[in-house]
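Look at the structure below.

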Amino acid sequence: MLTALLQKLIILIVGVLFVSSVAIIFFRLKNVNRTERTQIFKNAEYFNACIILICFIITLVYGIFNHFEMKKSVHAIVSLNYSEASQALNSNGTRYNMAEIISDEVVERAIKKGALEDVTVKQLKSCLVVYPCVQGGVGDESQYHISTEFAVEYHASKDTAHLDSENVIKLITSAYKEYYIEKYTDNFSLDAEKPDFSEMEYMDVVSYLDKEAQAVLNYLYGMAGKNPSFVTENGSTFNSIAGKVYQFKETQINQNLRSLVLQNGVVRNKSNYLDRLSYQNKNIDFDRQKNYASYRLCNEAIDMYSEEMTRIVLVPTWDQSGKYYMGRTKVGIDELSVMATNFSNYVASNEKEIMDNNLIIDKIASSSQDSQISSSADSLVESIYSSIKDFEKEAITAGREYSRHKMNQCIAVSIYGISLMGELKALIMFAAFAYLSLVLYLISKKFPKKA
């Protein structure tokens with residue numbers, strides 16, 4: 001802050017000198033005639049060595065303070081290069097908000113990322129400004145414009161003067177990229193809280209773990225569909241990670257755990273679980289009967305059609321070029337056939353589910369509980385759950401690497417620090433102003449106080 005005060009003090013002194021010199025000349029003009037005025041200005045020493053030396057010293061001091069002040073300010077341009085940006089949208093289709101570039105979350109992340117000391121989020125945020133590089137108007141349609149470039153300026157205050165300005169703006173833009181990737185690009189996570197497996201039946205645990213593993217697989221397959229050739233930092237691809245998860249799911253969950261529970265009839269509460277499975281079978285059988293009745297009705301309706309009506313029906317129509325041809329059209333039997341097939345599949349699915357439940361019922365009903373087997377099952381469950389969480393982290397890491405790679409192309413950041421031309425321009429303007437003020441001061445001395 002001291003440099004800012006000294007810089008402003010120098011400008012103030014030169015400004016006061018300029019104003020006072022002009023005022024003196026203005027009020028003393030009446031003390032001389034026109035010829036004398038002309039003579040005073042003509043004989044003035046415009047290239048006085050003493051003035052040049054003083055001006056050089058003042059400008060040099062001003063330049064030093066100005067350099068330190070300019071070091072406290074830096075700005076960056078954030079460019080959005082994805083297609084949705086031209087519609088003021090994020091990459092996931094939600095409304096874009098430039099204020100998030102300097103939001104509390106981003107600033108806090110930047111402070112942690114750079115381990116910035118002795119500064120709070122509020123103090124650092126007060127030094128930041130963001131605005132669109134090109135702003136449109138609302139007068140008419142020709143003035144409409146959606147900016148895809150935003151300027152972020154940082155101006156150090158007394159609370160942040162100890163920080164490196166260029167480092168701060170780099171941290172802010174880097175933190176914003178991370179924030180954007182996590183919030184608006186592919187984000188995936190399983191259940192945050194670990195369930196209490198001791199309160200669940202073993203077959204329910206098997207279903208739960210199978211669902212969690214399948215969720216990881218679905219995410220990896222989706223990412224592989226977007227970019228199957230992407231390679232992470234550790235040399236993995238989405239397909240290679242998915243292969244490991246699939247192999248684990250089939251071996252550890254569907255074979256080892258399911259077989260252990262099913263073959264030994266491991267259960268926590270035998271009577272309650274058997275009653276629940278029996279109740280489920282009754283509901284499933286009710287659905288099976290409805291689907292089978294619908295299947296029969298579709299077949300009976302199909303049988304009502306005569307053979308002549310079920311043949312291919314050709315109707316005159318025309319193509320895109322306007323030429324007529326005979327095209328095949330659908331008849332009611334087509335829709336009925338599709339419906340019958342669907343209902344048949346539903347019936348088969350219901351019967352399979354009932355058979356699976358009956359198998360579990362038979363195994364549990366004929367089993368004798370063994371605490372050692374139950375302990376083995378519990379250990380295996382914990383091991384499988386831990387492995388699924390590891391796969392989840394690996395999948396998320398790979399997904400974020402891909403998103404970061406994609407966003408590095410979609411969000412470009414250009415940082416502009418001290419401009420040499422800007423400093424030279426400021427020095428030249430100040431030197432000219434200081435020299436003019438000194439010359440006017442010498443000229444004002446030549447005007448008499450009284451006529």
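**A helix pair and a pocket**

Helices α4 and α6 cross in a right-handed way (the near helix is turned clockwise from the far one by less than a right angle). This is a predicted model, in which local features need pLDDT of at least 70 and side-chain atom pairs pLDDT 80 or more, while totals for chains, interfaces and linings use all residues. Residues are numbered from 1 along each chain, and side-chain values use heavy atoms, without hydrogens and water.

Helix α4 covers residues 104-114 and helix α6 residues 165-184; helices are DSSP runs of H or I with at least four residues, numbered from the N terminus. Axes are lines fitted to C-alpha atoms over the stretch in contact, with angles from 0 to 180 degrees between N-to-C directions.

The largest pocket holds about 410 Å³ of space. A pocket is an open set of points on a 1 Å grid where a 1.4 Å probe fits, with protein on both sides within 12 Å along at least five of seven lines; lining residues have an atom within 4 Å of a point. The volume is the space filled by probe spheres set on the points. Of the 19 lining residues, M203, R258, D356, N357 and I360 are the closest to the centre of the largest pocket. Helices α7, α8, α9 and α11 each supply at least two lining residues, and α11 gives the largest share, seven residues.
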